[in-house]
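Trainee: Could we go through this model term by term? I want each label set against its definition.

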Amino acid sequence: MNLKKIINSNSRFSEIIRFGLVGALATVLQYGFYVVFVHVVGVKAVPSSMISYALSFIVNFFLSSYFTFHTRPNAKKGLGFTLSHLFNMGLQTGLVAIFQQIVGMTLALLPAMAICIPVNYLLVRFAFTSKIFSGGASKFQKTDSSESSPSLKAEDRDSFIENNQTQLKS
């Protein structure tokens, strides 16, 4: 199976791959924004970290919505996304506190991340696919009310992907 098929598939495996790609991109963007704010704009490290985190968080939300979960973003999904990340940050902080006593400070983040990344995927997936966070019908959502997770119609999703691929090529 080629990469394009994996990325465009509706399988859970493909969704996890897309989640990882978006997370990796958000991490790179956060660091890039941080470097620009520190070295180009002249902002101190801590405010730069906060600004870069916020900017990458926004990009992460929209990419997670459109690319990872094939849904249209709305305020409720934004709330769910934010709550899932806040919960995950608390979980990670608590786990680092525990693991630093077991594996030391240098390695403590690694087992915490091994737990938190899958938890974050499940929480974010819930935020984007649960009826609780759906914001009503839109042209991008399935019109069949028996579906439990609103998402882009196949033809709309394919059109969205083709349009964005065309824009990326130019």
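Mentor: The labels below are taken in turn, each with its cut-off.

Mentor: This is a predicted model, with local features needing pLDDT of at least 70, side-chain atom pairs counting only at pLDDT 80 or more, and totals for chains, interfaces and linings using all residues. Residues are numbered from 1 along each chain as its sequence is written, and side-chain values use heavy atoms, leaving out hydrogens and water.

Trainee: What makes up the pattern of the chain?

Mentor: The pattern reads α-α-α-α-α-α. There are six helices and zero strands. Helices are DSSP runs of H or I, at least four residues; strands are runs of E, at least two.

Trainee: Why are α2 and α5 called roughly perpendicular?

Mentor: Their axes, lines fitted to C-alpha atoms over the stretch in contact, cross at roughly 110 degrees. Roughly perpendicular covers 65 to 115 degrees, so α2 and α5 qualify. The axes come within 11 Å.

Trainee: Which residues of α2 and α5 make the contact?

Mentor: Contact means heavy atoms within 4.5 Å. From α2 come Arg 12, Glu 15, Ile 16 and Phe 19. From α5 come Ile 117, Asn 120, Tyr 121, Val 124 and Arg 125.

Trainee: What links Phe 19 and Tyr 121 into a cluster?

Mentor: Ring pairs do, and the cluster also includes Tyr 53, Phe 57 and Phe 128. Rings of Phe, Tyr and Trp (its six-membered ring) pair if their centres lie within 6.5 Å. The structure holds eleven aromatic pairs.

Trainee: How much of the chain counts as buried?

Mentor: Of its 170 residues, 29%. Buried means under 20% relative accessible area, with a 1.4 Å probe and protein chains only.

Notes:
Buried < 20%, exposed > 50% of the residue type's maximum accessible area, 1.4 Å probe, protein only. Axes fitted to C-alpha atoms, helices over the stretch in contact; angles between N-to-C directions. Parallel < 35°, antiparallel > 145°, perpendicular 65-115°, else oblique. Phe/Tyr/Trp six-rings, centres within 6.5 Å; stacked < 30°, edge-to-face > 60°.
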